[in-house]
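Please open the model in your viewer and keep the sequence panel beside it. The stops below are meant to be selected in order.

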Amino acid sequence: MDVPAEDQIGPGLAPGADRRLAALKQVVVVLRPDHEDRMMADDDPKLGVLRLAQPRRDAGDLGRAEQIYRQILTADRSHALATYLLGLIAHQVGKQQEAIDYFSRAIRLNGVQPLYHTKLGDALRALGRIDEATVSYRQALKLDPDFAGVHVSQGAMWQAQGDLHGAFG
């Protein structure tokens with residue numbers, strides 16, 4: 001499937017794409033209040049492209065969002081956020097081992113993001129690998145004890161195990 005010119009980055013940019021990318025960086029975008037948005041550095045030239053993919057992902061067009069994230073990784077294999085986002089898509093469609101691989105790679109690229117560790121824990125939990133999930137959740141808490149996402153995930157895990165003291169204690 002071909003990537004539309006307006007979504008391409010790197011060599012082969014459509015005429016005016018540099019202007020559009022620069023303009024995207026200037027626009028004030030109201031984003032969802034989650035950790036993902038705080039991980040996008042304003043000086044990242046792929047920021048605009050990541051933001052192009054977000055509405056597609058939110059609308060359920062995961063295939064199109066995945067194409068954009070893969071294109072970013074083609075241009076920059078060390079882009080942790082695009083790697084994480086591919087893991088998120090894999091997790092959403094039930095490909096947990098693939099999600100684990102992506103989340104683990106994102107952590108190797110940038111291990112200070114509690115969301116990466118939390119989502120790794122979620123994928124591990126989905127496969128019944130509770131001990132490993134617990135390690136991931138603990139790492140996320142070590143990085144940011146106030147990150148609500150890890151508390152929600154860890155509580156859901158405890159509740160599913162019938163550990164109401166852990167879930168509510």
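This is a predicted model: local features need pLDDT of at least 70, side-chain atom pairs count only at pLDDT 80 or more; totals for chains, interfaces and linings use all residues.

Twelve of the 13 residues are buried, so the helix is largely enclosed by the rest of the structure; among them are A80, L81, G87 and H91.

Next, display the largest nonpolar core, a set of 36 residues in which Y69, Y84, L85 and Y116 have the most contacts. Helices α3 (47–58), α4 (62–75), α5, α6 (96–109), α7 (114–126), α8 (130–143) and α9 (148–160) each supply at least two residues of this core, with α5 giving the most, nine residues. Centre on Y69 and, leaving aside neighbours within four places in sequence, you will find it in contact with L50, A53, Q54, R57, A82, L85, L86 and I89.

Finally, which residues form the aromatic cluster? Select Y84, F103 and Y116, which form one cluster, and note that the structure holds two aromatic pairs. The rings of Y84 and F103 have centres 5.6 Å apart and planes at 35°, so this pair is tilted, and it links helix α5 to helix α6 across 19 residues. Y84 is buried at a relative accessible area of 2%, and F103 is buried at 0%. The rings of Y84 and Y116 have centres 5.0 Å apart and planes at 20°, so this pair is stacked; since Y116 lies in helix α7 and Y84 in α5, the pair ties together parts 32 residues apart in sequence.

Technical notes:
Residues are numbered from 1 along each chain as its sequence is written. Side-chain values use heavy atoms; hydrogens and water are left out. Buried means under 20% relative accessible area, exposed over 50%, partly exposed in between (1.4 Å probe, protein chains only). Helices (H or I, at least four residues) and strands (E, at least two) are DSSP runs, numbered from the N terminus. A nonpolar core is a set of buried Ala, Val, Leu, Ile, Met, Phe, Trp, Tyr and Cys residues joined through side-chain atoms within 4.5 Å. Contact means heavy atoms within 4.5 Å. Rings of Phe, Tyr and Trp (its six-membered ring) pair if their centres lie within 6.5 Å; planes under 30 degrees apart count as stacked, over 60 as edge-to-face and the rest as tilted.
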